[in-house]
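These are my notebook entries on a structure that I had not examined before. I record what I looked up, entry by entry.

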Amino acid sequence: MIDSLKLDQATTIVKGAAERLEEVVIGEEMLINMGPQHPSTHGVLNKVLKTDGEIISEVFPQIGYLHRGLEKMAEKLNYHQFMPYTDRIDYLSAMNCNFAYCLAVEKLGAIEVPKRAEYIRVIMAELNRIATHLVFMGTMGLETGAWTPIVYGFREREEILDLFEMTCGQRLTYNYMRIGGVSDDLPGGFVDKARRFCDALEKKLVEYNNLLSYNQIFIDRMANIGVLPADLAIDYGVTGPPLRGSGVKWDLRKNEPYSVYPELEFDIPTGKGEQGRVGDAWDRYMVRMHEMEQSIRIVRQALDKLPPGDIRAKVGRVFKPAAGEVYVRSENPRGELGFYIVSDGSANPYRLKIRTASFNNLSAVPPISKGTMISDFVLSLGSFDIVLPEVDR
Amino acid sequence: MLKEYIDAIKLFAEQNLPVINVPVELWYTVWLFIFGGVVLGGMMMFAGLAAYAERRVAGFLQSRLGPNRVGPQGLLQFMADGIKLVLKEDLIPAAADKMLFKIAPYVLFIGTLGVFAALPFSKYVGITNLNLGLLYILAISSLVVIGIIMAGWSSGNKWSLLGGMRSAAQIISYEIPIGICFLTIIMIAGTMNMNDIIRLQEGSVINWFVFRYPPFTMIIFLIYFIASMAEVNRTPFDIPEAESEIVGGYHTEYSGMRFAFFYMGEYGNMFAVSAIASILFLGGWQSPLPFFILNELFGDYAVLTAIEGFGWFLAKALSFVFLMMWLRWTLPRYRVDQLMALCWKVLLPISLACMLVVGVWMAL
């Protein structure tokens, strides 16, 4: 066995991992297939690990098991018809994907969206962000071996899904937003129910922090694991909570404001290295926990400010934007979701490229995983919170 | 203990039923099979019920119901599970070392079952009364590790191998603090006989070994509890079967009844370590009061003492089992090296220091 001192070294290596690895690796290396049916792959990701015992020397992620050719499909469908497909980009935050696509098409067609619709969109997007992060909290718990947080996370998420079901009849793939607005107005009782939910969740979050986030074992496991330095994160195009976990204050809702976000007050939580080094798995985890608090703030303000009026701009059934191209990005729960649309003046997009956060975030996992143990690799991958349909599209 | 009873039955039979004249060896063999069957059945029953209880406790802690369909309150769930497991195909992977793969679950199970032979369940009730009971338990329970390594190695699966290796490292490390805890008790009691150890704690709560040299025996008790949780692979020490990391660990490739043996071994072990904790530190079947309640109420019959003793023993042991379940559904798990660090850098030095202090205290 390798002595624990060297193990300690091995687990904290970030940069120059390869050099130090020489000292640590003594035994024979083997290739292990982790996935696509491994419990902690979050779907169908196959990682080929080159390991010496439990210490990983290289990771090769194999993607493509969920490739559906969304971008090609978009070329065969008109702008309205592609909306349900955006739900399938990231099934855990379908509202946000709807939102991002709408923003892109509206910019392309220079459509003015009614104020009420904008607020409804923000409420939905932020509620969906909370739902996603609740699932993340649960899976992070599972990854560390705590079985209970996922049940609690799903319990709270259920309330959000109820709210969505009230509004649009769907619980997972909503297809709620429309080019120029949203499909339905908020039903009666929605505002009260959403407020009650915000109040309840705020208390629950404290409980979850006590149960999981500040649990000493959890901190021991997560701190100093998978440290992603800010420059490396930027080099790899990492966005969203992993980037903010590395201490970079970058949030498109603030830095490149869209919709009604400039009218709302909220902070951008960043990783501060509270329990270990800046940019470790715990920071990435905690950024999301704080983001939920901020989302609650946003939802409350949006509910207060919700103006009366139309929920949808007049957009023709045959929508033909002028020829041109546009790239619009927005802040998804997992990072930057961008749509690059080229229009040739017809009813279908000429080309539609989706830039998803999970793909870029995943690419940063192999370089920071060299020299870590399998247990730590699971955590550092989990803390990026990738979603496979978003990686493969 | 059992031998005395068999002898008594034989004597009784010879006096009252003069026709019976069986050779002594056959007589003992038959009765050993009968008692063995009782213990085996009891343990399987316990394992099934514990698995059911675990799921109910988990449901309670996670604000859901848990199994409640089969039988009253789902109590017969373990029967349904058992039947399902028996009916499953017994898969053996092509890459497996077939011989070892088949034997491994039995080795593990024997290791667990063997412990039950030395446990005094109540006053007058037990299988054997070994003079070296504690040593025997320490020795026989090590078979579990061998079973786990065999399973991990023979599966022909890298995840199983990792699980088996982790498990071996963990259990062997944690046997050392457990050994120190045993030594402390042996020092205090001056015997390794389980029945004598219990008899020395007679009286009431204050005579229990956990309160003998405060607070050192309490610390020893705590260390024993932590180490025994690691020994039976429960969260936060369930590293050998950490699902999110190495799939199912050493029993990834097992199915059907062989898997059930691992399962029963795990729950049986859980009960065994809890029982040992209650025997060594909390007086086993001794009543926490200075007297046995049933004896006080209905007179001084040995049967009543035995029944009540068994009740106390079960209550003490099962409360540990519940505590283990509670912890499992609350805590995350440690990493392999953190676990080793906890064992070698924290538990071992503290237990050694406590043993030293207790020794000096006894000499004073």
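**Entry 1: Overall form of chain A.** I began with the radius of gyration, which is taken over C-alpha atoms; the globule rule sets it at 2.2 Å times the number of residues to the power 0.38. For the 393 residues of chain A a compact globule would have a radius near 21 Å, and chain A agrees because its own value is 21 Å. I noted that the C-alpha trace of chain A spans about 70 × 45 × 35 Å along its principal axes.

**Entry 2: Basis of the values.** The model is predicted: local features need pLDDT of at least 70 and side-chain atom pairs count only at pLDDT 80 or more, while totals for chains, interfaces and linings use all residues. Residues are numbered from 1 along each chain as its sequence is written, and chains are lettered from A and ligands numbered from 1 in the order in which they are written.

**Entry 3: Make-up of chain A.** I found 17 helices and eight strands in chain A; these are DSSP runs numbered from the N terminus, helices being H or I with at least four residues and strands E with at least two. A residue is buried if 20 or more other C-beta atoms, placed from the backbone, lie within 10 Å of its own, exposed if 12 or fewer do, and partly exposed in between. Buried residues form 52% of chain A. Of the contacts in chain A with a separation of 6 or more, 70% join residues 24 or more positions apart.

Entry 4: I looked up S7(A) (residues 335–343) and S8(A) (residues 349–355), which run antiparallel and are joined by six bridges; strands pair if DSSP finds at least two bridges between them. Tyr340(A) has Lys353(A) in S8(A) as its bridge partner. Five residues separate the two strands of this hairpin, and Gly345(A) in the turn has a positive phi of about 90°.

**Entry 5: Where the chains meet.** I recorded that 29 residues of chain A are in contact with 27 residues of chain B. Elements that each supply at least two residues to this side of chain A include H1 (4–12), S1 (30–34) and H6 (115–144). The side of chain A that touches chain B has 14 nonpolar, nine polar and six charged residues.

**Entry 6: Chain B.** Chain B has 14 helices and two strands. Its radius of gyration is 22 Å, close to the 21 Å from the globule rule for 364 residues, so chain B is as compact as a globular protein of that length. Buried residues make up 45% of chain B.

**Entry 7: Helix H9 of chain B.** H9(B) (residues 216–231) reaches 22 Å from its first C-alpha to its last, close to the 22 Å expected; the expected span is 1.5 Å times one less than the number of residues. Twelve of the 16 residues of H9(B) are buried, among them Phe216(B), Tyr224(B) and Glu231(B). The cover over these buried residues includes H7, H11, H13 and H14 of chain B. Asn233(B), which follows H9(B), has a positive phi near 60°.

**Entry 8: Helix H14 of chain B.** H14(B) has 28 residues (336–363) and reaches 39 Å, close to the expected 40 Å. I found a kink of about 30° at Leu347(B), shortly before Pro349(B); the bend is the angle between axes fitted to the seven residues ending at a residue and the seven starting there. Leu347(B) is buried, as are Cys343(B) and Ser351(B).

Terms used
Contact = placed C-beta atoms within 7 Å. Nonpolar A, V, L, I, M, F, W, Y, C, P; charged D, E, K, R; others polar.
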